[in-house]
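Q: Could you walk me through how to read the helix packing and a few residues in this model?

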Amino acid sequence: MDHAQEAVDLLAEGYSCSQSVFSVYAKEYGLDPALARKISTGFGGGIGRTGNMCGAVSGAILVLGLANGMNSLQEPEWREKSYSLDKEFIEKFISRFGSIQCPDLLGYNMAIPEELAESKRVGAAKKVCPELVRGAAEILDEMLKK
């Protein structure tokens, strides 16, 4: 199964966008997928349901860190490489979806209780998030092939 479909399937099971994206890549980089889901739990809902950065984006940035992150202070060039890749991912995601902010993507601000309730009533996340998760994984796949 490809990363994008596997991530969408995890989302459908009930995992957050960040958990879905991060955990499908984890094993390839030496991290247990269950631990990856635990690490990325707080990034859901735009980071702790604050309506900030989309969880699919934060999950992808965690993957980029696993693949290209700095291991020690003796490797400062890896920090710059990681930041450059994060920026590239964000630019590609914005180009495809228009924003990295949950309220812009969902049309509801999850940090506002009334908007959260309305978004749940209309199923906004179930309608929008699968495509965001799929897109994040597709962008990651493209970038990690380089």
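A: Helices here are DSSP runs (H or I, at least four residues), numbered from the N terminus. Keep in mind that this is a predicted model, where local features need pLDDT of at least 70, side-chain atom pairs count only at pLDDT 80 or more, and totals for chains, interfaces and linings use all residues. Residues are numbered from 1 along each chain as its sequence is written, and side-chain values use heavy atoms, with hydrogens and water left out.

Q: At what angle do H2 and H8 cross?
A: Two packed helices are described by the angle between their axes and the distance between the axes. Axes are lines fitted to C-alpha atoms, for helices over the stretch in contact, and angles run from 0 to 180 degrees between N-to-C directions. The axes of H2 and H8 cross at roughly 30° and come within 10 Å. That makes the two helices, H2 and H8, roughly parallel (angles under 35 degrees).

Q: Which residues of H2 and H8 make the contact?
A: Contact means heavy atoms within 4.5 Å. H2 brings Cys17, Ser20, Val21 and Tyr25, while H8 brings Cys129, Val133, Ala136, Ala137, Leu140, Asp141 and Leu144. Sorted by class, that is nine nonpolar, one polar and one charged. Ala, Val, Leu, Ile, Met, Phe, Trp, Tyr, Cys and Pro count as nonpolar, Asp, Glu, Lys and Arg as charged, and the others, Gly among them, as polar.

Q: How far apart are the axes of H4 and H8?
A: They are 9 Å apart, at an angle of about 20°, so H4 and H8 are roughly parallel to each other. H4 also passes H8 in a right-handed crossing. Ala56, Ala60, Val63, Leu64, Ala67 and Asn68 of H4 meet Leu132, Val133, Ala136, Leu140, Met143 and Leu144 of H8. The classes come to eleven nonpolar, one polar and no charged residues.

Q: Is Asn68 buried or exposed?
A: Buried, because its relative accessibility is 12%; buried means under 20% relative accessible area, exposed over 50%, partly exposed in between (1.4 Å probe, protein chains only). Leaving out residues up to four places away in sequence, Asn68 touches Trp78, Lys81, Ser82, Leu85 and Leu144.

Q: Which residues of the largest nonpolar core touch the most other members?
A: A nonpolar core is a set of buried Ala, Val, Leu, Ile, Met, Phe, Trp, Tyr and Cys residues joined through side-chain atoms within 4.5 Å. In this one, with 37 residues, they are Cys54, Phe89, Phe93, Val133 and Leu140. H8 gives the most to this core, eight residues.

Q: What about Cys129, buried or exposed?
A: Cys129 sits in helix H8 and is buried, at 10% relative accessibility. Between Cys129 and Cys102 there are 9.6 Å in space, C-alpha to C-alpha, and the two are 27 residues apart in sequence.

Q: Where is Ile47 found, and what is its phi?
A: Most residues other than glycine have a negative phi, and most peptide bonds are trans. Ile47, in the loop between helix H3 (33-39) and H4, has a positive phi of about 70° though it is not a glycine. Arg49 lies in the loop between H3 and H4, and its phi is positive as well, near 55°. Ile47 is partly exposed at 33% relative accessibility, and Arg49 is partly exposed at 42%.

Note on methods
Angles under 35 degrees count as roughly parallel, over 145 as roughly antiparallel, 65 to 115 as roughly perpendicular and the rest as oblique. A crossing is left-handed if the near helix is turned anticlockwise from the far one by less than a right angle, and right-handed if clockwise.
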